[in-house]
Amino acid sequence: MIHAGLYYPPNSLKAKVCCDGRQKIYEYATLKNIPFMKTGKLIVATDESQLGQLQSLYDNGIANEVPLEFLSKDKVSALEEEIKCETAIFSSESGVISVPEYLAALEEDIKKTGYVVLASEFKQAKKSKGQFELTLNSSDKINCTYLINASGLHTEDVANRIEEIDLPKIKKVMYAKGHYYLYKKKNPFKHLIYPLPNSNGHGIHAGMDIDNNLRFGPNAKWVDSVDYSFDENTLEEFCNSIKSYWIDFDPSCLMPDYTGIRSKIVADGEGGQDFEILDPSDHGLENLIHLQGVDSPGLTSSLSIATEVIEKLGIH
């Protein structure tokens with residue numbers, strides 16, 4: 001998904017890099033001929049008790065300068081006749097992109113001036129003669145001037161393998177597992193359909209990939225380890241959520257698809273988290289950048305996060 005930036009607190013790093021990153025990723029996709037669709041998104045209030053929360057979400061998005069529009073029940077029905085709601089927010093800047101082709105394009109750009117090293121475990125790093133000396137699982141060494149820890153679920157572990165790093169601001173990584181179900185019938189929706197968000201994310205929403213396959217997810221289940229097995233006991237949770245906004249939903253058409261795990265630095269029930277980009281003033285090592293808590297909208301924000309990192313390193 002390409003997120004527009006309406007969910008995140010004004011003046012937060014998430015809001016900044018999502019709104020800026022959304023523009024950058026659309027521009028990059030156009031430049032590189034990466035398939036994408038600016039589908040738009042409907043965030044729906046399914047009963048009157050949700051109207052206050054929807055208004056707050058709208059106000060937050062407007063504060064982030066995200067183009068938004070309130071739609072009546074009739075206008076929603078004109079756009080998506082199978083959706084039931086009291087009212088909805090329409091986000092015109094939301095969309096989808098071919099993630100494999102986006103990553104492939106980034107890889108090709110990296111290869112123009114550097115290398116991509118695969119199947120190599122990072123063992124440790126230490127400062128030596130003004131540079132970082134990295135040891136890999138093969139005992140090979142790599143020397144570099146700048147080191148960026150953007151290892152997602154493993155940021156805490158990687159930080160602990162860097163000698164002389166000051167650790168107090170390095171946060172514990174926790175895991176929020178999300179399931180996705182594929183819908184076997186033809187996708188009836190032209191837009192992304194989202195319920196109102198909850199404390200663990202954006203809710204179980206209807207999204208499509210670039211080939212118009214319909215998927216639902218993610219939920220949020222806190223787990224103690226990185227485990228991508230699929231728990232089919234989540235089916236009832238998904239059905240209850242989906243039928244709250246889809247009139248003609250057929251539960252028999254849901255089939256398990258895949259799981260993903262989000263990197264969390266805020267515990268379950270403690271609310272949302274912001275992205276954190278730590279520089280030498282935080283950890284004490286010159287030319288080291290440590291990213292933590294980068295969950296959704298990390299993909300949307302990726303090019304803007306890169307800009308932030310470059311600025312912190314003072315590279316021009």
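The dialogue below takes up a sheet, then a helix contact, then a pocket.

Author: This is a predicted model, in which local features need pLDDT of at least 70 and side-chain atom pairs count only at pLDDT 80 or more, whereas totals for chains, interfaces and linings use all residues. Residues are numbered from 1 along each chain as its sequence is written, and side-chain values use heavy atoms, with hydrogens and water left out.

Reader: In what order do the 3 strands of the open antiparallel sheet lie?

Author: In general, strands of a sheet pair through backbone hydrogen bonds, either parallel or antiparallel. Strands here are DSSP runs (E, at least two residues), and helices are runs of H or I with at least four residues, both numbered from the N terminus; two strands pair if DSSP finds at least two bridges between them. In this case the order is 6-7-8, with antiparallel pairing. Strand 6 (122-128) and strand 8 (141-144) are at the edges with a single partner strand each, so one side of each has no neighbour in the sheet.

Reader: How many bridges join strand 6 to strand 7?

Author: There are 6 bridges between strand 6 and strand 7; K126 has E133 in strand 7 as its bridge partner. E133 also stands opposite N143 in strand 8, and strand 7 (residues 131-136) pairs with strand 8 over 4 bridges. Strand 6 and strand 7 form a hairpin with 2 residues between them, and K129 in the turn has a positive phi of about 55°.

Reader: At what angle do the axes of helix 1 and helix 8 cross?

Author: Axes are lines fitted to C-alpha atoms, for helices over the stretch in contact, and angles run from 0 to 180 degrees between N-to-C directions. The axes of helix 1 (residues 13-32) and helix 8 (residues 298-313) cross at roughly 105° and come within 6 Å. Helix 1 is therefore roughly perpendicular to helix 8, a term that covers 65 to 115 degrees. The contact (heavy atoms within 4.5 Å) includes L13 and Y28 of helix 1, and L299 and E308 of helix 8.

Reader: Which residues are closest to the centre of the second largest pocket?

Author: A pocket is an open set of points, on a 1 Å grid over the protein atoms alone, where a 1.4 Å probe fits, with protein on both sides within 12 Å along at least five of seven lines; lining residues have an atom within 4 Å of a point. The second largest pocket holds about 230 Å³ of space, its volume being the space filled by probe spheres set on the points. Of its 17 lining residues, P195, N198, G203, I204 and S241 are closest to the centre.

Terms used. Angles under 35 degrees count as roughly parallel, over 145 as roughly antiparallel, 65 to 115 as roughly perpendicular and the rest as oblique.
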